[in-house]
Amino acid sequence: MSTILDTLGSHALRLVTDAGRLEARIGEIVVSGPGEPLPTATAPLLLLTGSGAPLGPVHETIRQAGRSGYRAVVVKDFGDNLDALAVTAGEVGVALLRTPNEMTWRQLDALLTASRSIAAAGALGGRFAEVVAGDLFALSNAIASAVGGAVSIEDTGGQVLAYSNLPGQEIDSARRMGILGRQAPVYPSTGNAYQQVLGGEGAVHVMPERPEYAERLGIAIRAGNQVLGTIWVISDRPPLVEEAAEVLEDAGRSAALHLLRTRTQADPERAARCDALRTLLNGSRDPRSMATRLAIRADAPTVVLAVTLADRQLEPLLGAARIVDLVNLYCESWHSSATCVADSGTVYALLPTDGAAEPSARLMKLADDLSSTIRRSTGMDVLVAIGSPANGLAEVATSRRMADRVLRVLSASGGGVADVERVRSQILLHALADLPELVEELRLKPVTALVEHDALHGTAYAQTLLAYFGALGDSLRVASELVIHENTVRYRVRRAQEMFGIDLSGPDHLLATWLQLRLLQLRQ
């Protein structure tokens, strides 16, 4: 079982309690729900569906699995109840594992089946069983032979990891450039092609941007919600076999295991640290166990730094993959135990701050330098956010949430670099804008009337009032900001009061009006 866990990594499967079963051999995989009878099998592993089921039947199913000789049970998120399930599993001698909610049971079943083959024989099962684990060139040729078109396999940064070389299969200039440079060429429509493939389910047909380029069938290589890379097949020179989409979906599952195995073999220590950080960022229940893997004390002060693309029209997953090594390089210069991981289109870094003199100023300098370097090296602008200080690893998830909030503020304002303290007021406003009762249900009638009038007639009463409040009633400053005459400012403020009943006579009315107009502005 330990080999399977090492191969898949924690973004696919995470150990909750081993109950002495970590070195046990896993046999058949059984899928069943709470209350359903468990079949007799050899050294079975149970995928326990129904995370929203009542806890009583779930506990009983785990006990039944223990009595029936099951080695392990896999569940999805049961929140705080996962600890109670771990106790039950330990009592009956069954290992309890957890898979992310985004992972489908079907995909996990396929990954587990293939990873057992790796553990048993060093090869992958299924349609591509003859390919030795980690040999991506052999896998490319096997896929090309099965579908009838030239194949290339890329990582999330667009680097060409492997390609087929079967005789008689045509290629185009884009593929030729990718092979020679070991990097997929970038064209104006490249981002759109990747977005189609990464956003689609299964194999996706992509039309070329120019007549001389070939059509392609592409698929994302995934482990749960984690994108590991892509497979591309030239699909019109000649046309592929009828079942090409089905074959490519099988290839995607096999390629996931190849890439997972390759990652683990290439740098197992770094892979383990990345998995540990991803667990902490998502709210680990046992941060002390993560401390050893991260080489950081459990009570060490840290902070989360987050980096994402400023242009959200670009494919964020690919962008994160292209900048993660630069982020890692910079953060390791801050501290040798710094760890970085790309997650859902954002690169997160955990930075120890113990002993750092004026950490806030130094962190801002690090963030500014990192932003400039990424722009020079890749041509991409990024947003860099520094989360709240974490007094120990148990608070890392909170620091990550605050860093995400800072990124949201930066994205809305067009800023580049900030920490929590510099944008705390804007963070509060964005949080309030997410509350429908403040923005909609409790909206003042005069505010509604004013906003609707602006939308219908193209007037600028809301804009003028917001500038007026922001300037603390200084009409000359508002006139300069809006490039209008000072008398026009006074006229609009007066007409807003006369036409819509805006009440500026007391601080509470003024505050409520200002706040609601500001929250509506954030929602636009």
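**Salt bridges in a predicted model**

Mentor: Asp-172 is buried, and Arg-216 is buried as well, where buried means under 20% relative accessible area, exposed over 50% and partly exposed in between, with a 1.4 Å probe and protein chains only. This is a predicted model, in which local features need pLDDT of at least 70 and side-chain atom pairs count only at pLDDT 80 or more, while totals for chains, interfaces and linings use all residues. Residues are numbered from 1 along each chain as its sequence is written, and side-chain values use heavy atoms, with hydrogens and water left out.

Trainee: What does Asp-172 form with Arg-216?

Mentor: They form a salt bridge whose closest N and O atoms are 2.8 Å apart, the term standing for a side-chain nitrogen of Lys or Arg within 4 Å of a carboxyl oxygen of Asp or Glu. Asp-172 sits in the loop between β7 (160-163) and α6 (173-181) and Arg-216 in strand β9 (residues 216-223), 44 residues apart; helices (H or I, at least four residues) and strands (E, at least two) are DSSP runs, numbered from the N terminus.

Trainee: And how many salt bridges does the structure hold?

Mentor: The structure holds 18. Some are joined up: Arg-278, Asp-343, Arg-400 and Asp-404 are linked in a network of salt bridges.

Trainee: Switching to Glu-486, which residue does it form a salt bridge with?

Mentor: Its partner is Arg-490, with the closest N and O atoms 2.3 Å apart, and both residues lie in helix α19 (residues 486-500), four residues apart, about one turn of the helix.

Trainee: Is Glu-486 buried or partly exposed?

Mentor: Glu-486 is partly exposed, at a relative accessible area of 23%, and Arg-490 is also partly exposed, at 40%.
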